[in-house]
Amino acid sequence: MKNKEVLSTLNEIRDMMQKSSKFLTLSGMSAVLVGVYACVAAVIACNILGNESGLALDFADFPQLRVNMSWRLQLMEFSAAVLILLCIGTVYAFSYRKAKKQQKPLVFNITVRRFLWSFFLPLIVGGILCLTLIYKQEYGQISDFMLIFYGIALVNASSYTYSNTRFLGYAELALGLTGGFIDGHALLLWMLGFGVFHIVYGVFIYLKYDRKPDVNRQGGNRITV
């Protein structure tokens with residue numbers, strides 16, 4: 001009996017150390033919403049670029065990711081900026097809500113700063129690379145680079161948040177590399193990576209972590225330090 005109590009105490013100490021060294025207020029529902037935003041954005045982009053059939057939801061005839069008119073380029077850039085701001089705002093709002101529900105302040109401590117640096121550094125580098133491709137009017141590989149650098153960002157950030165995040169990163173990397181060998185389906189692959197994969201990942205995080213009961217609030221074993 002005493003050995004079980006010691007083991008339980010050690011497990012609780014390990015959990016406390018893990019929570020203090022990782023950013024665990026990311027919400028699964030925010031990931032689901034980000035995926036929904038991406039799917040809607042893909043449909044909007046399909047309408048902006050146009051396809052031969054004229055049907056925005058004809059996935060077999062998704063237009064190639066190329067912009068041959070200045071107004072289309074400007075509209076795509078505006079839509080991308082709105083999507084980025086909407087995703088960041090959604091993730092922050094749900095993280096704040098989750099932290100408040102867990103009675104934990106959402107502060108930018110060393111763990112959060114490391115998480116943000118690991119996540120945003122590859123995104124910034126990839127974003128600059130994509131801007132250079134837009135400047136050179138080489139649009140064909142932009143979607144692939146976005147998926148690849150986003151995958152690298154997720155793998156890096158997984159060390160400071162849920163470790164399962166790295167699997168989403170691996171999937172994004174694989175999808176981006178696959179896009180380099182497939183012509184004419186860049187927008188469809190983009191929607192799968194940023195949309196469908198995000199929704200699946202968000203549902204998984206919600207079911208595995210967000211719905212997990214808080215032991216302390218249910219009167220379980222507590223540690224007084």
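Start in the middle: select Phe119, Trp190 and Phe194, the residues with the most contacts inside the largest nonpolar core, which has 25 residues. A nonpolar core here is a set of buried Ala, Val, Leu, Ile, Met, Phe, Trp, Tyr and Cys residues joined through side-chain atoms within 4.5 Å. Buried means under 20% relative accessible area, exposed means over 50%, and partly exposed is in between (1.4 Å probe, protein chains only). Colour helix 2 (28-49), helix 3 (70-101), helix 4, helix 5, helix 6 and helix 7 next: these are the elements that give two or more residues to this core. Helix 7 supplies the largest share of this core, seven residues. Then look for a second, separate core of six residues, with Ala45, Ile48, Met76 and Leu187 among them.

A word on what you're looking at. This is a predicted model, where local features need pLDDT of at least 70 and side-chain atom pairs count only at pLDDT 80 or more, while totals for chains, interfaces and linings use all residues. Residues are numbered from 1 along each chain as its sequence is written, and side-chain values use heavy atoms, with hydrogens and water left out.

Zoom out to the whole chain. It has seven helices and zero strands; helices (H or I, at least four residues) and strands (E, at least two) are DSSP runs, numbered from the N terminus. Of the 225 residues in the protein chain, 36% are buried.

Now select Phe194 again. Leaving aside neighbours within four places in sequence, Phe194 is in contact (heavy atoms within 4.5 Å) with Val34, Gly35, Ala38, Met146, Leu147, Tyr150 and Glu172.

Two of those names, Leu147 and Tyr150, are also among the buried residues of helix 5, so that helix is the next stop. Helix 5 (residues 142-157) has 16 residues and reaches 22 Å from its first C-alpha to its last, close to the 22 Å expected; the expected span is 1.5 Å times one less than the number of residues. Its buried residues pack against helix 4 (110-135), helix 6 (165-179) and helix 7 (186-210).

Time for some rings. How many aromatic pairs does the structure hold? There are eight, counting rings of Phe, Tyr and Trp (its six-membered ring) whose centres lie within 6.5 Å; planes under 30 degrees apart count as stacked, over 60 as edge-to-face and the rest as tilted. Show Phe115 and Phe119: this pair is stacked, at 6.2 Å centre to centre with 5° between the planes. The two are about one helical turn apart because they sit four residues apart in helix 4. Phe115 is buried at 9% relative accessibility, and Phe119 is buried too, at 16%. Phe120 is partly exposed, with a relative accessible area of 33%. Bring in Tyr150, Trp190 and Phe194, and you have one aromatic cluster along with Phe115, Phe119 and Phe120.

Finally, colour by pLDDT, the predictor's confidence in each residue, from 0 to 100. The chain's mean is 77, and 73% of its residues reach 70 or more.
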